[in-house]
Amino acid sequence: MLQVEAIDKSFEDFMAVNGATLTVGKGEIVAVIGPNGAGKTTLFNLITGALKRDKGRIIFKGEDISELPPYQICKKGIARSYQIVNIFPRLTVFGNVQVAVLSQQKRSSNLFRPAQNIAVEETRRILESVGLLDKERSIAGSLSHGDQKILEIAIALGNEPELLILDEPTAGMSPEETSATMDLVRRLAQMRGLTILFCEHDMDIVFSVAQSIMVMHQGRTLVQGKPEEVRNNPFVQEAYLGVE
Amino acid sequence: MIHSKWFGSVAAIFIVLLILPPLVPRFYVYILALIYVTSLLAMSLNLVVGHGGLFQFHHGVFYGVGAYAVALMLTKTSLPMWVGFIAGPIVAAITGLIIGWFCVRLSRLYFAMLQISLGSLIWAIVFRWYSFTGGDDGIHGVPIAPFLFSLNSSYYFILIILAISLILLYLILKSPFGTTLQAIRDNPQRCEAVGINVRHYQLLGIVIATFFAGVAGVLFVVLERSVFADLLFWTLSLEIFIMCLLGGWFTFAGPMLGAAIIIALRTFVGKYTEYWTLILGILLILVIFFLPEGVMGYFQNIFKPRTKEGIERG
């Protein structure tokens with residue numbers, strides 16, 4: 001479904017992503033791992049168009065999307081959540097998701113119908129599936145950090161993506177929240193037939209959820225394969241899994 | 001329940017304003033009408049500033065362009081008055097489209113600087129082009145239909161157009177477009193990521209806001225029957241920006257309150273001292289420190305029913 005081919009991105013002299021490759025098959029859950037500064041977030045920003053790549057190609061469903069602006073990439077079926085909470089803090093929880101649903105339904109420029117009657121059912125169904133329906137009228141900025149991270153995912157679902165990209169979905173969460181969130185992600189993938197690409201620091205989560213793992217190091221792809229293959233790779237063992 | 005109560009008080013205020021003119025001195029009728037005109041201007045600005053998060057620093061230009069469009073049409077052509085009244089907002093909106101098209105390519109302060117430059121350019125043209133715009137003399141004695149001659153009839157005309165404009169602005173704010181615009185204000189980057197072409201919606205917001213600034217310009221001509229280049233000068237733009245801040249720019253009606261406060265200050269304190277802006281300055285400092293959401297925002301927080309959100313917000 002998604003192929004990233006030898007992609008480069010540098011910030012002045014620093015090569016943040018340096019010839020990385022990645023393959024995501026339809027319906028797969030793929031994890032990207034690597035130490036801080038390995039270029040994981042930059043890679044996601046390149047795929048979603050937030051940054052422009054210097055070299056290489058990004059193919060989504062057979063189409064080169066590497067030149068498209070973010071809003072068009074989103075319309076092709078890629079939605080994302082962010083590592084650092086990135087929501088609409090002054091809107092209600094409902095409003096946060098509704099903005100995405102309205103955009104998905106191409107109704108954002110409707111000027112004279114009350115928004116409170118539009119896309120209500122779709123929005124509430126998403127809130128229900130992530131467990132935020134009881135907080136739909138709260139101001140998003142007042143939610144707890146954990147709920148805001150869940151709202152992140154809910155906003156991304158509003159675009160009915162085929163590929164959902166989650167940048168450290170459990171960053172800053174307590175262990176209980178973390179396992180609940182990963183259960184949610186797995187459930188959503190099944191329910192909606194989503195393809196998921198995520199990155200995560202917690203190796204237990206990665207190896208229990210992901211069907212394919214890509215290891216990044218200094219902007220390069222070290223290896224991509226099934227969890228067992230990656231686990232048995234000597235370099236990965238030495239560098240990340242702490243095995244002597 | 002809350003909705004109908006709210007509707008009731010708005011209707012009551014409107015009725016009071018309708019029966020006021022014969023009961024109060026002419027001067028107050030004039031000041032009220034001036035407040036309405038300026039309110040509409042501040043409200044139109046707030047659509048893009050408070051709800052759209054844009055640095056629309058030279059909004060006065062579109063007010064002036066709307067006013068000059070009517071005044072020029074009525075003095076230089078023999079077109080009927082209504083054509084001029086409709087043309088004013090449209091010319092303002094087209095100007096908004098052109099200036100906005102350049103501005104939305106930049107962000108924040110760069111947006112503001114470009115708009116001040118382009119707006120000042122229009123001001124300079126109006127100020128200097130004596131043969132066409134009358135330069136710094138302005139245009140006086142704009143012919144208006146006899147039924148708008150008396151102060152009271154122009155008061156009613158202005159009040160009714162203001163009411164219609166406010167209803168439209170309210171509907172727009174509550175529409176999907178309004179929601180999207182507020183989302184862009186909160187987080188443009190995230191909007192791009194959910195498939196929203198941010199520039200496109202910002203430009204649409206500017207066109208709508210400048211259209212209503214043009215409506216305010218038309219109302220100014222109805223009230224004053226003259227126009228002058230000061231309408232396009234940047235100090236007026238700053239003043240309406242302050243009205244939004246003072247009244248509460250995250251509220252719907254805040255800018256109207258801000259306009260009323262500033263015009264009342266200028267009129268009544270200005271009578272005693274030409275340094276009335278000193279009081280305005282102190283007031284602004286107090287608002288910024290103690291009422292960061294503006295006067296209207298403060299009252300809204302007090303009177304807000306204690307709902308679940310209220311409790312969660314602490």
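A second open sheet of chain A contains six strands in the order β6-β7-β8-β3-β9-β10, and its pairing is mixed. The edge positions are taken by β6 (78-81) and β10 (220-225) of chain A; each has a single partner strand, so one side of each is left without a neighbour in the sheet. From one strand to the next, the twist averages 15°. Within this sheet, strand β3 (residues 29-33) of chain A runs parallel to strand β8 (residues 195-199) of chain A, and four bridges join the two; A:V30 is placed opposite A:L197 of β8(A). Helix α1 (residues 40-47) of chain A packs on this sheet, touching β3, β6, β7 (163-167), β8 and β9 (212-217) of chain A, with its direction at about 150° to that of β7(A).

Two loop residues of chain A have a positive phi without being glycine. For A:K61, phi is near 50°, and the residue is located in the loop between β4 (55-60) and β5 (63-64) of chain A. A:K61 counts as partly exposed, because 14 C-beta neighbours are found inside 10 Å. For A:E168, the positive phi is about 45°, and the residue lies in the loop that runs between β7 and α6 of chain A. A:E168 has 20 C-beta neighbours inside 10 Å and therefore counts as buried.

At the level of domains, chain A is divided into domain 1, which comprises 1-77 + 162-244, and domain 2, which comprises 84-160. The C-alpha centres of domain 1 of chain A and domain 2 of chain A are 25 Å apart, and the contact between them takes 10 residues from domain 1 of chain A and nine residues from domain 2 of chain A. On the domain 1 side of this contact, the elements that give two or more residues are β7 and α6 (175-192) of chain A, with α6(A) giving the most, namely four residues. By class, the residues on the domain 1 side comprise seven nonpolar, two polar and one charged.

The contact between the two chains takes 27 residues from chain B and 36 residues from chain A. On the chain B side, two or more residues each are given by α7 (151-174), α8 (176-186), α9 (188-193), α10 (198-224) and α15 (308-313) of chain B. The element that gives the most to this side is α8(B), with eight residues. The residues of chain B that touch chain A divide into 10 nonpolar, nine polar and eight charged.

Within chain B, B:K76 lies in helix α3 (residues 60-76). B:K76 is classed as exposed because 10 other C-beta atoms lie within 10 Å, 12 or fewer being the criterion for that class. B:K76 and B:V48 are 28 residues apart in sequence, and their C-alpha atoms are 33 Å apart in space.

As to confidence, the model scores ipTM 0.86 and pTM 0.88. Chain B has a mean pLDDT of 90, with 96% of its residues reaching 70 or more. Over residues 306-314 of chain B, however, pLDDT stays under 50, and the model has 11 contacts beyond four places in sequence for this stretch. Where pLDDT is low, the predicted coordinates should not be read in detail.

Note on methods:
Residues are numbered from 1 along each chain as its sequence is written. Chains are lettered from A and ligands numbered from 1 in the order in which they are written. This is a predicted model: local features need pLDDT of at least 70, side-chain atom pairs count only at pLDDT 80 or more; totals for chains, interfaces and linings use all residues. pLDDT is the predictor's confidence in each residue, from 0 to 100. Two residues are in contact if their C-beta atoms, placed from the backbone, lie within 7 Å. Two strands pair if DSSP finds at least two bridges between them. Axes are lines fitted to C-alpha atoms, for helices over the stretch in contact, and angles run from 0 to 180 degrees between N-to-C directions. Domain bounds come from an automatic or database domain assignment. Ala, Val, Leu, Ile, Met, Phe, Trp, Tyr, Cys and Pro count as nonpolar, Asp, Glu, Lys and Arg as charged, and the others, Gly among them, as polar.
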